[in-house]
Amino acid sequence: MHNSFLSLLMIRKSQILNLCNCDDFKYVIDDDVLPDGTFVPRGSTVTYSIYSIGRMKTIWGQDCLEFRPERWLTAEGDRFETPKESFKFVAFNAGPRTCLGKDLAYLQMKSVASAVLLRYRLSPVPGHRVVQKMSLTLFMKNGLHVYLQPRGEVVA
Ligand code: HEM
């Protein structure tokens, strides 16, 4: 399966559907000033919403709520590319404390997606409502009910 496609699936999964933390917290150990000039006193907690950052018009454009996976492709459209500004997509944090398991997480999700999609076509069960359940990590309230249609013989 094409690697770019798997990357898009994975990104979509972590950005919108499933695995991203909704919020991230930082504890302020010393008085500090944020890049925008906001003073943060020692002992305070700063939080940012990963969920909201993945849905902001100022970052993703007017169509920020649309599933448009091609926004993750290069201009030529042939390759998956993470955003140049790493703070645009923060499901794995950004900067020096970026998630150390990021590459492993990508690999795991691509492995599972390719193992399933190579063997089956998936279609949602009609009438099943896919609803987010808000929590620290996002997941689907009622699960994702799908029909699996075998694609035929797969050579392992
Ligand atoms: C989709 C799956 C994953 C997501 C969305 C995710 C997300 C994150 C986020 C947002 C942070 C930053 C937390 C913070 O400092 O505020 C983080 C840190 C970290 N993650 Fe992950 N993670 C994932 C999978 C994994 C896996 C599979 C491993 C290990 C095998 C891992 C290991 C770590 C470690 C060690 C840190 C701390 C890095 C540091 O503070 O320098 N993560 N992760």
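Author: Helices (H or I, at least four residues) and strands (E, at least two) are DSSP runs, numbered from the N terminus. Residues are numbered from 1 along each chain as its sequence is written. The model is predicted: local features need pLDDT of at least 70, side-chain atom pairs count only at pLDDT 80 or more, and totals for chains, interfaces and linings use all residues.

Reader: Why does Val130 count as partly exposed?

Author: A residue is buried if 20 or more other C-beta atoms lie within 10 Å of its own, exposed if 12 or fewer, and partly exposed in between, with C-beta atoms placed from the backbone. Val130 has 13 C-beta neighbours inside 10 Å, so Val130 counts as partly exposed.

Reader: Which residues is Val130 in contact with, leaving aside neighbours within four places in sequence?

Author: Contact requires C-beta atoms, placed from the backbone, within 7 Å of each other. On that basis Val130 is in contact with Met140 and Leu144. From C-alpha to C-alpha, Val130 and Met140 are 6.6 Å apart in space, and they are 10 residues apart in sequence.

Reader: Why does Cys99 count as partly exposed?

Author: Cys99 has 13 C-beta neighbours inside 10 Å, and therefore Cys99 counts as partly exposed. Cys99 has its place in the loop between H3 and H4. Not counting residues up to four places away in sequence, Cys99 touches Phe92 and Asn93.

Reader: What makes Asn93 partly exposed?

Author: The count for Asn93 is 17 C-beta neighbours inside 10 Å, so Asn93 is classed as partly exposed. Asn93 lies in the loop between helix H3 (57–60) and helix H4 (102–119). Its phi is positive, about 65°, although Asn93 is not a glycine.

Reader: What makes strand E5 (residues 120–124) hardly covered?

Author: Among the five residues of E5, the count of buried residues is zero.

Reader: How do you know that E5 and strand E8 (residues 146–150) pair?

Author: Two strands pair if DSSP finds at least two bridges between them. E5 and E8 have five bridges, in the antiparallel sense. Leu122 stands opposite Leu148 in E8.

Reader: How many helices and strands are there in the protein chain?

Author: The protein chain has four helices and eight strands. Their order from the N terminus is α-β-β-β-β-α-α-α-β-β-β-β. Of its 156 residues, 8% count as buried. Among contacts between residues at least 6 apart in sequence, 53% join residues at least 24 apart.

Note on methods:
Contact = placed C-beta atoms within 7 Å.
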